[in-house]
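Me: I would like to learn how to read salt bridges in a model. Please take me through some cases.

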Amino acid sequence: MASSTLSLDPVFDEERRLAALQAHALLDSEPEREFDALVSLAADMLGCPLAALTLIDRDRLWVKAGVGDLPVEVPRSVAICNHTIRKPDQFVVDDLTLDADFADNPLVTENGLRFYAGMPIHAPDGQGMAQPIGSLCVMDATPRSLNEAGMRTLRHLTTLAEALIAARAIARRATHIAELSERQASDLRTKDRVFQQAERISMIGSWRLSIPDRIASWSDGVFRIHELPLGVEPDIDTAMNYYPERERQKLNDAVAHALDTGISFDLELDFTTATGRLRRVRVMGEREESDGQVTAIVGVFQDITDRHALEVTLRRSASTDALTGICNRAAFDRALEAAIDHARDSGDLMALALIDLDGFKLINDTLGHMAGDDILREVGRRLRAPWLQGCYVARLGGDEFGVIVEDAGLLARFEQFRQQLEETLSVSVTAEGLTMTCAGTVGMRLWTPDTQTVRDFVHRTDAILYAAKRARVGERRKGDRRRAA
């Protein structure tokens with residue numbers, strides 16, 4: 001990441017810090033989807049309803065990107081992030097009301113904040129020293145703590161934020177260089193060398209497609225990304241063959257739309273280089289006109305493979321339960337809401353099954369948590385069985401699991417499906433010569449139009465689940481009495 005090349009200024013210098021902030025032109029800027037996506041990812045991965053990328057000006061805190069009900073700016077005197085930028089690493093307060101520095105803070109007393117975790121974001125000043133210009137932070141109205149995995153996640157996401165700011169600065173510099181080159185033709189060669197350096201650093205190239213003759217012109221950076229020798233640009237049809245057919249159609253449609261409407265495009269596409277390597281690229285383009293006539297499409301081409309892979313990994317981590325390998329509660333809630341919307345719009349059948357493992361606590365208490373984890377992993381494996389392939393399965397927490405069923409064939413044998421699910425979840429574990437078994441109780445309910453929300457649907461299905469558990473306990477007691485008699 002770009003931030004790893006910076007040297008931290010050992011002295012907190014407010015004026016140099018403010019100069020670095022102003023130089024990046026981030027304050028009061030328009031929303032940018034990369035920053036919005038990063039902050040949303042922080043909220044999802046750390047399980048917090050509030051998250052923000054903040055910038056600390058001389059007298060105020062300004063939110064560049066945020067998730068949740070947050071003010072756009074607050075006075076610097078009350079901003080908790082103002083403390084974060086003075087820290088060398090993370091700043092975490094489990095309960096703000098118990099901290100003398102924040103107990104009387106309006107954000108705590110009036111806005112109800114209780115938990116805060118932040119990491120300073122650094123950007124280089126004119127001497128190349130890293131200055132703390134703001135922070136990436138998550139917040140909650142409930143006291144909590146941040147474990148080691150959470151701290152690592154916050155640190156990785158902050159590194160990604162600094163890389164985005166660095167890439168943004170490179171793009172701004174490249175644009176500035178292009179504008180100067182038009183105004184100062186005598187400096188063109190010098191500016192071109194600087195632009196080539198920016199291309200190499202950021203894996204960016206520029207291109208131009210002449211409309212009358214369909215001739216393409218590439219900068220050196222485009223050749224490097226294609227892994228082609230410099231010099232001879234391929235014809236348009238050959239150049240398009242580096243994209244899979246589906247991606248090629250997207251690019252063709254975007255170019256045609258830009259030519260027709262004048263609206264620029266910005267796409268992320270799969271791509272195969274001349275040597276056969278699979279990459280992910282970003283293609284930006286816009287219409288060029290001269291004397292009222294459309295003459296070309298011009299744009300920028302960037303290799304974003306590493307950034308895309310990191311984002312995919314982080315998003316997968318945010319949606320997956322680490323122990324069982326199936327989806328977690330946050331992902332399940334989103335999937336259930338989407339399934340409800342689909343059922344409401346289409347009229348198709350949809351059901352929710354909630355699962356509770358009977359005897360799991362006894363296994364944990366008797367054989368230990370490692371045995372309990374083995375049980376949970378085995379349940380996760382069985383819920384990924386081929387016969388459940390059309391269902392959405394998740395661990396909701398502890399020994400509770402959920403299954404969203406939209407397959408018409410499975411729903412046609414509703415009760416048999418429920419019974420088969422219960423039979424599947426009878427799991428045994430052995431430790432130190434002792435074998436114990438837990439079984440899953442399943443409560444299952446079809447969605448009906450009078451069930452408006454996820455919470456309502458889960459609550460009604462929960463009632464069925466616990467009725468089934470009570471019935472199972474009653475049957476077990478009857479059996480015990482018969483055996484005793």
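Me: Which residue forms a salt bridge with Glu14, and how far apart are the closest N and O atoms?

Reply: Side chains of opposite charge can pair when their charged atoms come close. In this predicted model, the partner of Glu14 is Arg17, with 3.1 Å between the closest N and O atoms. The two residues sit three apart in helix H1 (residues 14–23), so about one helical turn separates them.

Me: Are Glu14 and Arg17 buried or exposed?

Reply: Both Glu14 and Arg17 are buried.

Me: What does the salt bridge between Arg60 and Glu73 tie together?

Reply: The closest N and O atoms of Arg60 and Glu73 are 2.9 Å apart. Arg60 belongs to strand S3 (residues 60–67) and Glu73 to strand S4 (residues 73–75), so this pair links parts that are 13 residues apart in sequence. Arg60 has 15% relative accessibility and therefore counts as buried, the cut-off being under 20%. Glu73 has a relative accessible area of 42%, which means partly exposed.

Me: Which residue pairs with Glu247 in a salt bridge?

Reply: Arg246 does, and the closest N and O atoms are 3.5 Å apart. Glu247 is buried, at 2% relative accessible area, whereas Arg246 is exposed, at 56%.

Me: Which residues are joined with Arg246 and Glu247 into one network?

Reply: Lys250, Asp270 and Arg280 are joined with them, through salt bridges that share partners.

Me: How many salt bridges does the structure hold?

Reply: The count is 37 salt bridges. Those discussed here include Glu14 with Arg17, Arg60 with Glu73 and Glu247 with Arg246.

Key. Residues numbered from 1 in each chain as written. Predicted model: local features only at pLDDT ≥ 70, side-chain atom pairs only at ≥ 80, totals over all residues. Heavy atoms only, no water. Salt bridge = Lys/Arg side-chain N within 4 Å of Asp/Glu carboxyl O. Helix = DSSP H or I, 4+ residues; strand = E, 2+ residues; numbered from the N terminus. Buried < 20%, exposed > 50% of the residue type's maximum accessible area, 1.4 Å probe, protein only.
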